[in-house]
Amino acid sequence: MLDQVLEEWEELNADFKQLEIDNKTYLQQLNELTSIQKKCVNHISHQRYRIGVLSKSLRELKKQGDDPKIADMKSNILTRKAQLFDIEQTLPKQNGIYLKIILGNVNVSILDRDEKFRYKDEYEKFKLILSIIGIVMAALNFLIRFRPLELSYIFLLVWYYCTLTIRESILKVNGSRIKGWWRLHHFLSTVAAGILLIWPDNETWSLFRNQFMAFNIYISLVQYLQFRYQRGVLYRLKALGERHNMDITIEGFHSWMWRGLSFLLPFLFIGYIFQLYNAYALYVLSYTMSTTWHVPVLSGMFLVLFIGNTLTTISVIPSKFHEKVKLKYRVMSQRFSSQLLNREVRIILLLIFCLKNIFMFPSNQ
Ligand code: COA
């Protein structure tokens, strides 16, 4: 029995030695990987610096006269910028201050394109599930007046918006083009929900609560429409980036996007008017006898949200006209990098095939 145990222990020792060798190789490769990553980051900054200098020279040259070569060069620079952005997405990035405070200096970079897609998709699903729960809870609160239910709903809102700010910061690190206002909007919403949570259960709250619940039911419904639009954009963009996918073109994507936007925008603007109405109702309530500091502060916050949302959404419309060019380069560069990858994979496969043939040949004879 003891002999068998000793024998197994020896066997395990041999295994462990192999593990040590493999771990050493792994650490070596990890070191190499880190140094190559640093090299790429340096190359990118160098490219960006020189592109900046070249663009400046092109602007000077353009003042002296138009030349078709200048237009060519400009278009090449745009393509290069898109390619650099794409390469950057395959390298780890530093967290912003907010993530550093919340998570510490942990690496949240997602380097694989499919993983990135999955993370964004999951973020959209998270918003959808929470907005469904939100509708149910807001409707229950509208029908029944029960303080613990009210507080649990408002606490859910604090947690939801706070979680959104973290997820959006992670998306930003991973190359999302989300506008600063939407992130700020969710920070402000967290603060507003926090103030609602500590608003005492007094007469002003009783006067405002049903309007607030109705507003939330409406916003949750709009969030469902937003989810459908954003998911459509996400999946269509993914399909556009795939080289062999012929089902969707940039033109097709744009006409779908405009249809989606023109359906969504009226609902969004009604929501913003509702926000303005909330600001006004709270402003009026701030002059009543039982008012507390929460009322004017929330009135100001609803007004800020109304102005920020309206201006940002209006600014999205003209930017979508210019987006066509940017999108073209983004898709081109995406296809270019997958082409490159395919070429590399093909070369590696060819090498493996050749090596296999060389080494297999004598044993086959
Ligand atoms: N929240 C989170 N992310 C958003 C966002 C929002 N409100 N609006 C846009 N984004 C993201 C997009 O998903 C995209 O991400 P990606 O780079 O990871 O692919 C990026 O920001 C760029 O989006 P953009 O091209 O500017 O806009 P869009 O076509 O995706 O969406 C709107 C345009 C107007 C439909 C969208 O901004 C929107 O729904 N805004 C309304 C939000 C709102 O008002 N909420 C409160 C309701 S009262």
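Biologist: How many aromatic pairs does a search of the whole structure find?

Modeller: The search finds 16 aromatic pairs in the whole structure, which is a predicted model.

Biologist: Why is the pair of Y229 and W256 called stacked?

Modeller: A pair of aromatic rings is described by the distance of the centres and the angle of the planes. For Y229 and W256 the ring centres are 5.9 Å apart and the planes stand at 5°; the centres therefore lie within the 6.5 Å that a pair requires and the planes are under 30 degrees apart, so the pair is stacked. This pair links distant parts of the chain, with Y229 in helix α7 and W256 in helix α8, 27 residues apart.

Biologist: Are Y229 and W256 buried or exposed?

Modeller: Both Y229 and W256 are buried.

Biologist: Which residues form one aromatic cluster?

Modeller: The cluster is formed by F126, W159, Y160 and Y161.

Biologist: Which residues have the most contacts inside the largest nonpolar core?

Modeller: That core has 56 residues, and those with the most contacts inside it are W199, F208 and F212. The elements that give two or more residues to this core are α4, α5, α6, α7, α8 and α9, and the largest share, 13 residues, comes from α7. Leaving aside its neighbours within four places in sequence, F212 is in contact with Y153, L157, L196, W205 and F302. A second, separate core has seven residues, among them I51, L58, I77 and L84.

Biologist: How many salt bridges does a search of the whole structure find, and how do you know that R48 and E88 form one?

Modeller: The search finds 11 salt bridges. In the case of R48 and E88 the closest N and O atoms are 3.1 Å apart, a distance that is within the 4 Å cut-off for a salt bridge. The pair links distant parts of the chain, R48 being in helix α1 and E88 in helix α2, 40 residues apart. R48 counts as partly exposed because its relative accessibility is 38%, between 20% and 50%, and E88, at 21%, also falls in that range and therefore counts as partly exposed.

Biologist: Why does D121 count as buried, and which residue forms a salt bridge with D121?

Modeller: D121 has 6% relative accessibility, which is under 20%, and so counts as buried. The partner of D121 is R231, with the closest N and O atoms 3.0 Å apart. Because R231 lies in helix α7 and D121 in helix α4, the pair ties together parts that are 110 residues apart in sequence. R231, at 25% relative accessibility, lies between 20% and 50% and therefore counts as partly exposed.

Biologist: Which residues are linked in a network of salt bridges?

Modeller: The network links R145, R147, E150, D201 and R209.

Biologist: Why does F146 count as partly exposed, and where does F146 lie?

Modeller: F146 has 48% relative accessibility, and because this value is between 20% and 50%, F146 counts as partly exposed. F146 lies in the loop between α4 and α5, and together with I132, V136, L140, F142, L143 and I144 makes a nonpolar surface patch of about 670 Å².

Conventions
Residues numbered from 1 in each chain as written. Predicted model: local features only at pLDDT ≥ 70, side-chain atom pairs only at ≥ 80, totals over all residues. Heavy atoms only, no water. Patch = residues over 30% accessible without salt bridge, like charges linked within 9 Å, V, L, I, M, F, W, Y side chains within 5 Å. Areas by Shrake-Rupley, 256 points an atom, 1.4 Å probe, with all protein chains shown as cover. Salt bridge = Lys/Arg side-chain N within 4 Å of Asp/Glu carboxyl O. Helix = DSSP H or I, 4+ residues; strand = E, 2+ residues; numbered from the N terminus. Buried < 20%, exposed > 50% of the residue type's maximum accessible area, 1.4 Å probe, protein only. Core = buried A, V, L, I, M, F, W, Y, C linked by side-chain atoms within 4.5 Å. Contact = heavy atoms within 4.5 Å. Phe/Tyr/Trp six-rings, centres within 6.5 Å; stacked < 30°, edge-to-face > 60°.
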